[in-house]
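Hi,

Here is the structure I promised to pass on.

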Amino acid sequence: PPDLLILDIMMPRMDGFQVLEGLNTYGLRHSTKVLVLTARGSEADRVRGLQRGADRYLGKPFDPTEFIAAVRALLGASGDDLRREREAELEKARLLARLETVFEGPTAG
């Protein structure tokens, strides 16, 4: 399996969330680190990606320096470090998603 997968959420036929679920289903998630790089930058999407196992979630447009730093950090991090960082990022994203909902109000649909 690859050391690192750079994944977009918006793809034809199968979206990135489904790919993350497939990595978990087939047992590849433990050996492959995942960086999501996507235009889907809402906090709700970030929560969804992190819950499904993404190690980092960067929105487009992105800063190339931030991207390189994220790749280096992922490739150099241990599994335990990544789990702790993902949990902290997930908790922050959950809080921001709640705030996003409050300030944006109910969605039409």
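**What I found**

Of the 109 residues in the chain, 34% are buried, where buried means under 20% relative accessible area, exposed over 50% and partly exposed in between (1.4 Å probe, protein chains only). Before you read on: this is a predicted model, so local features need pLDDT of at least 70 and side-chain atom pairs count only at pLDDT 80 or more, while totals for chains, interfaces and linings use all residues. Residues are numbered from 1 along each chain as its sequence is written, and side-chain values use heavy atoms, with hydrogens and water left out.

**Overall layout**

The chain has four helices and three strands, in the sequence pattern β-α-β-α-β-α-α. Helices (H or I, at least four residues) and strands (E, at least two) are DSSP runs, numbered from the N terminus. The radius of gyration is 14 Å, close to the 13 Å from the globule rule for 109 residues, so the chain is as compact as a globular protein of that length. That radius is taken over C-alpha atoms, and the rule is 2.2 Å times the number of residues to the power 0.38. Along the principal axes, the C-alpha trace spans about 40 × 30 × 25 Å.

Contact means heavy atoms within 4.5 Å. Among the chain's contacts with a separation of 6 or more, 66% are between residues 24 or more positions apart.

The three strands make an open sheet in the order 1-2-3, with parallel pairing. Strand 1 (4-7) and strand 3 (56-59) are the edges, each pairing on one side only. From one strand to the next, the twist averages 15°. Strand 1 is joined to strand 2 (residues 33-38) by four bridges; two strands pair if DSSP finds at least two bridges between them. Leu7 is opposite Val36 in strand 2.

Helix 1 (residues 16-25) lies across strand 1, strand 2 and strand 3, and runs at about 155° to strand 1. Axes here are lines fitted to C-alpha atoms, for helices over the stretch in contact, and angles run from 0 to 180 degrees between N-to-C directions.

**Residues to click on**

- Thr32 sits in the loop between helix 1 and strand 2 and is buried, at 3% relative accessibility. Leaving aside residues up to four places away in sequence, Thr32 touches Pro1, Pro2, Asp3, Leu4, Leu5 and Asp55.
- Asp45 belongs to helix 2 (residues 43-51) and is buried too, with a relative accessible area of 11%. With residues up to four places away in sequence not counted, Asp45 touches Phe17, Arg40 and Tyr57.
- Glu91, in helix 4 (residues 79-104), is partly exposed at 45% relative accessibility. Glu91 and Phe17 are 74 residues apart in sequence, and 19 Å apart C-alpha to C-alpha.

How many aromatic pairs does a search of the whole structure find? One: Phe62 and Phe67, a tilted pair at 5.5 Å centre to centre with 50° between the planes. Rings of Phe, Tyr and Trp (its six-membered ring) pair if their centres lie within 6.5 Å; planes under 30 degrees apart count as stacked, over 60 as edge-to-face and the rest as tilted. Phe62 is partly exposed, with a relative accessible area of 34%.

Cheers
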